[in-house]
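Dear colleague,

Could you look through it before reading my notes?

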Amino acid sequence: QKRSLLLFLSFSQRIKIIMRAATSSLTTVQKNNSATCSVARRQFSSSSKSFSSSKNHHHHRRRHGMTIMVPKAVANTANLPAENKDVKVLVVGATGYIGKFVTNELCSQGYDVTAYVRPRSGIGGKNTEADAKKLFTNAKVEFGTCGSVEDVEKNAFKDGGEKYDVVVSCLASRTGGVKDSWDVDYQATKNVLDVARKNGAKKFVLLSAICVQKPLLTFQKAKLKFEEELEKCEDISYSIVRPTAFFKSLAGQVESVQKGGPYVMFGDGQLASCKPISERDLAKYMAECIRDASLENKVLPIGGPGKALSALEQGTMLFELLEMEPKFVKMPIEIMDTVIKVLDFFAGFFGNMTDAAEFGKIGRYYAAESMLVMDEKTGEYKADETPSYGTDTLRDFFKKVSVEGLAGQELGDQAVFK
């Protein structure tokens with residue numbers, strides 16, 4: 001078994017570039033580990049309203065080809081204090097990639113914000129409590145974990161002594177691994193919801209992901225299970241935000257292309273497309289969910305402005321901005337299938353290879369599946385039915401990072417290969 005593992009590890013070094021290409025070819029693995037104000041331009045298609053209805057006491061919801069009845073949460077937007085300064089908001093997952101922007105956006109809009117932070121936060125747990133406080137100079141910072149109801153109750157809600165009107169969850173599994181996904185995307189988030197309901201919170205804003213509409217991966221199934229439980233709550237209203245791709249997840253090849261390398265993509269580069277949204281615009285949209293009654297008790301897919309872009313179009317755009325001759329490497333998607341079979345085989349012998357197999361599936365998923373609204377009847381992705389929001393464009397982002405570099409855009413714990 002040891003000999004087999006050594007042979008496999010040698011082989012895995014050769015396929016890392018393939019996996020990196022898959023994970024950088026489209027959207028974020030986030031997340032999750034992974035999940036925005038009226039001044040930004042919002043363009044909702046009428047089809048987005050079909051994701052949720054608020055008729056009578058129940059609404060219909062389609063899940064994987066079947067219609068189910070889901071109890072409708074109470075409408076609480078009108079019951080919030082009139083002034084933002086009087087609305088107490090708890091943000092969990094505040095030090096995550098999107099969580100930082102959401103927390104600071106809420107502060108800039110005048111909400112009374114508390115950021116609930118792990119004692120050691122950030123990529124690899126490198127940030128201390130002092131570091132976390134520096135991130136949020138306009139928010140109150142409390143420390144603890146979401147690993148148990150008791151911890152959330154004691155440290156975030158002060159054993160019932162601290163009440164919040166709104167809870168915003170930006171929690172996401174750090175790696176997308178099997179255990180981490182269930183521990184964070186489902187259980188930790190549910191712990192927060194349970195304590196929030198017990199203490200009378202009125203609204204729960206959830207950062208989810210558009211890819212849960214086709215749940216083939218563990219983190220997607222964990223997120224979807226929590227979504228379903230949130231929708232059943234009748235004592236708290238909700239907004240479930242499902243963003244498409246984040247800018248940072250499409251930036252993985254900027255530096256290599258700048259150094260003269262090719263832009264690597266799968267198939268013809270048009271297997272999948274997305275409408276990426278910036279962290280700033282997404283944060284504004286998340287904040288808007290607190291006050292906008294039309295976003296209450298809804299599942300809200302959301303992308304950035306402009307048309308959907310394939311990997312080929314993203315690469316072409318990058319070469320144009322860099323004023324370089326396009327140079328593409330097209331990899332057969334079947335290579336990913338072979339990689340996954342190898343990883344699954346070794347996972348059967350070595351328990352610690354289970355996550356490696358899952359990471360292979362994550363890479364394959366993002367190489368082949370579009371981050372757009374999916375027609376549940378046909379399974380087709382619909383760019384024109386994917387709502388757009390904001391003003392930041394991928395072109396402007398590419399232009400910025402090609403000059404300033406990718407500092408602050410690291411995938412960190414969510415990178416498939418480190």
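This is a predicted model: local features need pLDDT of at least 70, side-chain atom pairs count only at pLDDT 80 or more; totals for chains, interfaces and linings use all residues.

Residues are numbered from 1 along each chain as its sequence is written, and side-chain values use heavy atoms, with hydrogens and water left out.

Seven strands form an open sheet in the order S6-S5-S4-S7-S8-S9-S12, with parallel pairing (strands are DSSP runs of E of at least two residues, and helices runs of H or I of at least four, numbered from the N terminus; two strands pair if DSSP finds at least two bridges between them). S6 and S12 (298-302) stand at the edges with a single partner strand each, so one side of each has no neighbour in the sheet.

Strand S5 (residues 112-117) is joined to S6 (residues 140-143) by four bridges; Ala 115 stands opposite Val 141, and Val 117 has Phe 143 as its bridge partner.

Helix H4 (residues 149-156) packs against helix H5 (residues 178-198) at an angle of about 55°, with the axes 8 Å apart (axes are lines fitted to C-alpha atoms, for helices over the stretch in contact, and angles run from 0 to 180 degrees between N-to-C directions). The two helices, H4 and H5, are therefore oblique to each other (under 35 degrees counts as roughly parallel, over 145 as roughly antiparallel, 65 to 115 as roughly perpendicular and the rest as oblique).
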